[in-house]
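Colleague: I have a structure to look at before class. Can you walk me through it?

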Amino acid sequence: MYFKRFTTFAAVVAALCATSMQSSRADDYPSRTVTVVVPFAAGGNTDTFGRLVAEQLDKRLGQRFIVENKPGAGGNVGLGDLARSKPDGYTIGMGTVSSNAINQTLYKTLPYDKEKGFAPISLIATLPNVLVVNPDKIKATSVEELIELLKKEPGKHTYASSGVGTSIHLAGELLATKAGIKMTHIPYKGSSQAILDVVAGHVDMMFDNIPTAAQQVKAGKVRALAVTSLEKAALLPEVPTMASIIPGFEATSWHGIFAPPGTPPEIVEKLSKEVQAILAEPAMKAKLEGMGATPVGNTSAEFKAFIDTETVKWAEVIKAANVPPQ
């Protein structure tokens with residue numbers, strides 16, 4: 001009886017000590033510089049969002065949050081480094097729909113354990129794509145007219161993307177699958193050159209992130225037919241949604257922040273709360289909305305559930321479109 005009581009008492013003490021240590025670990029964090037890995041080149045949306053959040057974390061938590069760009073292989077290079085980092089909260093990183101949902105199916109092998117994945121911190125923002133066409137190459141002024149044209153001329157017309165497996169590429173595949181049409185995919189190494197080639201008429205059309213495409217639309221260089229979010233986009237309020245024409249069509253880009261697998265939950269929770277608070281600030285919301293993005297900010301559990309849904313969704317698109325594995 002005495003031994004049983006002693007064992008129970010020891011277990012309670014151990015649990016209390018563990019809770020105390022966890023609380024102390026979260027309270028003391030961060031006590032030094034934190035590296036924020038961005039698995040894409042500087043200047044893109046992921047880099048911009050990462051720097052905006054890092055700057056605010058720096059101010060709120062009193063330690064430097066330094067962005068380090070590690071591009072390559074659709075985000076896999078940087079994410080591989082993030083996964084191998086010590087799970088102590090001092091290396092965190094950005095991720096996107098491409099790197100953290102699409103790549104799970106698209107790539108035969110990944111430089112990290114698919115099952116372990118990462119510790120989601122928070123979804124930062126979603127960003128709609130917009131379907132644009134070269135007005136000299138494509139006379140269609142609506143999605144309905146475009147589909148009719150593509151059905152009459154299967155495989156004749158081309159669409160650009162920022163690379164195989166990006167949300168921009170798979171938005172085109174989703175359109176082809178749902179509308180029963182055929183287009184020829186022309187992948188680029190980035191969306192900036194892709195949209196310029198659509199403007200020049202080297203490629204007929206593309207889905208592109210709305211911040212860059214909106215500039216070309218407003219300049220009259222390309223014609224916008226529809227946005228891929230369920231709601232209309234503030235940057236192009238006159239443009240209809242794809243979902244209003246093809247029910248269920250949604251292909252938004254998203255950007256979030258992660259920690260390596262095994263990072264203490266209390267540190268993940270602390271970072272998540274800070275990011276949520278940052279994204280709720282009116283100045284930050286206005287800045288992101290001015291870029292055409294929708295600020296989010298959610299818990300780790302909510303973000304994980306969102307990623308799981310997105311991974312299944314894009315796996316089905318990849319399978320239906322017979323996109324070859326990379």
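Modeller: What follows goes from the whole chain to a few single residues. Keep in mind that this is a predicted model.

Colleague: How many helices and strands does the protein chain have?

Modeller: The protein chain has 11 helices and 11 strands. Its C-alpha atoms fill a box of roughly 85 × 40 × 30 Å along the principal axes.

Colleague: What share of the residues counts as buried?

Modeller: Of the 326 residues, 52% count as buried. The chain exposes about 14900 Å², and carbon and sulfur atoms supply 56% of that area.

Colleague: And the contacts, how far apart in sequence are the partners?

Modeller: Take the contacts between residues at least 6 apart in sequence: 78% of them join residues at least 24 apart.

Colleague: What about the charges, how far apart are the mean positions of the positive and negative ones?

Modeller: They are 3 Å apart, counting 33 positive and 31 negative charges.

Colleague: New topic. Which peptide bond is cis?

Modeller: The bond from Tyr29 to Pro30 is cis, with omega near -10 degrees. Pro30 sits in the loop between helix H1 (2–28) and strand S1 (34–38).

Colleague: Why point that out?

Modeller: Because most peptide bonds are trans.

Colleague: Is Ala73 buried, partly exposed or exposed?

Modeller: Ala73 has 43% relative accessibility, so it counts as partly exposed.

Colleague: What about Asn322, where is that?

Modeller: Asn322 is in the segment after helix H11 (300–321). Asn322 also has a positive phi, about 55 degrees, without being a glycine.

Colleague: Buried or exposed?

Modeller: Asn322 is exposed, with a relative accessible area of 65%.

Colleague: Last one, Thr228. Where does that sit?

Modeller: Thr228 is in the loop between strand S9 (223–227) and strand S10 (253–259).

Colleague: Is Thr228 buried or exposed there?

Modeller: Thr228 has a relative accessible area of 0%, so it is buried; the cut-off for buried is under 20%.

Colleague: What does Thr228 touch?

Modeller: Leaving out residues up to four places away in sequence, Thr228 touches Pro128, Asn129, Phe207, Met242, Phe249, Glu250, Ala251 and Thr252. With Ala251, a polar atom of the Thr228 side chain lies 2.9 Å from the backbone oxygen of Ala251.

Key:
Residues are numbered from 1 along each chain as its sequence is written. This is a predicted model: local features need pLDDT of at least 70, side-chain atom pairs count only at pLDDT 80 or more; totals for chains, interfaces and linings use all residues. Side-chain values use heavy atoms; hydrogens and water are left out. Helices (H or I, at least four residues) and strands (E, at least two) are DSSP runs, numbered from the N terminus. Buried means under 20% relative accessible area, exposed over 50%, partly exposed in between (1.4 Å probe, protein chains only). Contact means heavy atoms within 4.5 Å. Accessible areas come from the Shrake-Rupley method with a 1.4 Å probe; for residues, only the protein chains shown count as cover. Lys and Arg count as positive and Asp and Glu as negative; His and the chain ends are not counted. The place of a charge is taken as NZ of Lys, CZ of Arg, CG of Asp or CD of Glu. A polar contact is a pair of N or O atoms within 3.5 Å; within protein, one must be able to donate a hydrogen and the other to accept it, and residues adjacent in sequence count only if both atoms are side-chain atoms.
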